[in-house]
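Q: Please walk me through how to read the main features of this model, starting from whatever is shown next.

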Amino acid sequence: MDFLTQPNRSFLFDINRNKLLAWIVRRVAYRHFCAGESGSEVRQTLKRFKTMGFRGTIVTYARETVFDCNKKDVQGVGIESFAGKATDLCPNIRSWRNGVLETIDMLGQGDQLAVKFTGAGPLVTDALAAGQPLPKQMSDALIAISDECKQRQVRLLIDAESQLYQHAIAKAGLDLMKLYNRDGHALIYSTYQAYLKSTPPAIESHLIAALEGKFTLGLKLVRGAYLATEKRSLIHDTKRDTDNAYNAIAHGALCKHIGSIGAEGGRPFPSVNLMLCGHNKESVFGSYALHQQRLLHGLPTVPLGFAQLQGMSDEISFGLLQLGQRQGPGPDVYKCSTWGTLKECLGYLTRRALENRDAAGRTVDEYRALKMEAKRRLRSLIPL
Ligand SMILES: Cc1cc2nc3c(=O)[nH]c(=O)nc-3n(C[C@H](O)[C@H](O)[C@H](O)COP(=O)(O)OP(=O)(O)OC[C@H]3O[C@@H](n4cnc5c(N)ncnc54)[C@H](O)[C@@H]3O)c2cc1C
């Protein structure tokens, strides 16, 4: 997948020109992980998830830019080059804004929007990388998108991306939360990558900002998807360290105590809405159990939602839904999907392919569970 994403491929490996190759990738990967290439395809996918019992789908427009720290290479997926004057309106920002607004139009009841800032092209990524203010056209686009979300009561989740851009994305996310999360709940969520060593202090400073600014912090927690392209020293040394960091943040938020915030005699814990994104069974079910326990004992906690990616860990998503059937009103569970043309989705598909290496270990559990279920069913056919 990574090879196919690179520019200037020969005809044989160019997904835009080689129709057979495009057909194969569509069949093997795209349909499994992506929502569709057009509005009607996406609407059908969202309907399908709704009928399966999900609260809704979190939908992202695929266009993005990934910075590969190892190759020192900027990879704009689905982004055209633009050599206009600084005063011209940038067609990349315009088409990203239109694509995102079109995405909101596709959403039904319970569905949510996720955005990747870097999809707006080089003017925006250059500003993000340099820590400079976003071009006015982009700031206007973000306000128009947030206003539309507010009007349609759709939550807006800002994706976390490559570190080169992420500091500025997080800052812009905080500014939007200050503006829009003022009614006691989060309309806007920022994404926090637990694999980064810098994430716990970043969360603490955002909690303080929420407390002082009297707004709700929308905390979307992930482990982090850019392991292959980030500077390794920024990331925890081992998978176990990342797991511990993820669980500590999730449990801290659920117990309303992170660092000195929420501690006895420390600063009070601000209003937080938590969205736990991931496919790790221990993290998902451990956090669910802790949340339930706190609710049961009348202990303070925060509203909680869960999300898994389309095509991944369905047994976790359905396991959560089943808990709801067994234990009264169940957790809010979302599937998260990406839409766009095959070319626009290639970067996303590459990351899913990489993650499925991690997921290979989990399939052993699934295989065992399926084998047990098959045996149980066979046994139930044998009369006593
Ligand atoms: C709904 C949803 C939204 C998402 N949105 C984003 C987003 O906005 N930005 C983003 O970056 N990612 C996002 N992701 C992807 C996420 O960051 C993870 O890559 C993915 O979910 C796999 O991790 P896991 O928590 O499911 O569990 P696991 O499969 O248990 O963990 C795999 C993860 O552990 C970490 N890891 C693996 N090996 C090591 C190692 N040797 N050292 C340190 N850490 C290691 C990596 O983060 C890897 O992805 C999203 C995922 C979901 C489900």
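A: Start at the ligand: β10 gives the most to the shell around it, with three residues. Helices (H or I, at least four residues) and strands (E, at least two) are DSSP runs, numbered from the N terminus. This is a predicted model, in which local features need pLDDT of at least 70, side-chain atom pairs count only at pLDDT 80 or more, and totals for chains, interfaces and linings use all residues. Residues are numbered from 1 along each chain as its sequence is written.

Q: Which residues come nearest to the ligand?

A: A residue is near a molecule or strand if its C-beta atom, placed from the backbone, lies within 6 Å of it. Of the 26 residues around the ligand, the nearest are D159, V222, C277, G278 and C336. At least two shell residues each come from β7 (188–193), α9, β10 and α12 (346–381).

Q: Is strand β9 buried or exposed?

A: A residue is buried if 20 or more other C-beta atoms lie within 10 Å of its own, exposed if 12 or fewer, and partly exposed in between, with C-beta atoms placed from the backbone. In a regular strand the side chains alternate between the two faces of the sheet. Strand β9 (residues 272–277) is mostly covered, with six of its six residues buried. One side carries V272, L274 and L276, the other N273, M275 and C277, and all are buried.

Q: Which strands pair with β9?

A: Two strands pair if DSSP finds at least two bridges between them. Strand β8 (residues 217–222) runs parallel to β9 and is joined to it by five bridges; L221 has L276 in β9 as its bridge partner. The chain passes from β8 to β9 through helix α9 (residues 239–254) in a right-handed β-α-β crossover. Right-handed means that, with the strands pointing away from the viewer, the path from the first strand over the helix to the second runs clockwise. Strand β10 (residues 304–309) also pairs with β9 in the parallel sense, over four bridges, and M275 has G305 in β10 as its bridge partner.

Q: How many helices and strands does the protein have?

A: The protein has 12 helices and 11 strands. Buried residues make up 41% of its 384 residues. Along its principal axes the C-alpha trace spans about 75 × 60 × 40 Å.
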